Amino acid sequence: MGRVLVYVVPVALAVYALIDLWRSRPEERAGLHPAVWALLIVLVPVVGPVAWIVSSLYLRSQQRAAGRSARPQRPGTPGRPGRPPRRQGP
């Protein structure tokens, strides 16, 4: 069983990385052409797919963080956008 994993894990990583590369947006590619990423994924067995997965996850998290900070908040509601402030007192 262990001998099979030595071959299956790199192939599975490469297939996953190639599919993820194909479905990615240009902003998620770290400025590299998709053909360069594909060559890196295919020619460098484990390091190439791991490099793609780590860099794309990092860039996606950066985009999400930038999107969250760009959302406008209503005045008087820190941390709770879109909800009215609570009444103070009776």
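At what angle do helix 1 and helix 2 pack, and how far apart are their axes? I started my notebook with that. I am working from a predicted model.

**Entry 1: the helix pair.** I looked up helix 1, residues 2-23, and helix 2, residues 34-43. They pack at an angle of about 175°. Their axes are 10 Å apart. Angles over 145 degrees count as roughly antiparallel, so helix 1 is roughly antiparallel to helix 2.

**Entry 2: the contact.** Next I asked which residues meet there. From helix 1 I noted Ala-14, Ala-17, Leu-18 and Leu-21. From helix 2 I noted Pro-34, Trp-37, Ala-38, Ile-41 and Val-42. I sorted the residues of this contact by type: 9 are nonpolar, none is polar and none is charged.

Entry 3: Residues 5-23 are 100% helix and 0% strand. Their end C-alpha atoms are 26 Å apart. Residues 35-59 are 88% helix and 0% strand. Here the end C-alpha atoms are 19 Å apart.

**Entry 4: Asp-20.** I went back to helix 1 and picked out Asp-20, which lies in it. Is Asp-20 buried or exposed? Its relative accessibility is 12%. Buried means under 20%, so Asp-20 counts as buried. Which residues does Asp-20 touch, leaving out those up to four places away in sequence? I found Trp-52, Ser-56 and Arg-60. With Arg-60 there is also a polar contact: the side chains of Asp-20 and Arg-60 are joined at 3.0 Å.

How values were computed: Residues are numbered from 1 along each chain as its sequence is written. This is a predicted model: local features need pLDDT of at least 70, side-chain atom pairs count only at pLDDT 80 or more; totals for chains, interfaces and linings use all residues. Side-chain values use heavy atoms; hydrogens and water are left out. Helices (H or I, at least four residues) and strands (E, at least two) are DSSP runs, numbered from the N terminus. Axes are lines fitted to C-alpha atoms, for helices over the stretch in contact, and angles run from 0 to 180 degrees between N-to-C directions. Angles under 35 degrees count as roughly parallel, over 145 as roughly antiparallel, 65 to 115 as roughly perpendicular and the rest as oblique. Contact means heavy atoms within 4.5 Å. Ala, Val, Leu, Ile, Met, Phe, Trp, Tyr, Cys and Pro count as nonpolar, Asp, Glu, Lys and Arg as charged, and the others, Gly among them, as polar. Buried means under 20% relative accessible area, exposed over 50%, partly exposed in between (1.4 Å probe, protein chains only). A polar contact is a pair of N or O atoms within 3.5 Å; within protein, one must be able to donate a hydrogen and the other to accept it, and residues adjacent in sequence count only if both atoms are side-chain atoms.
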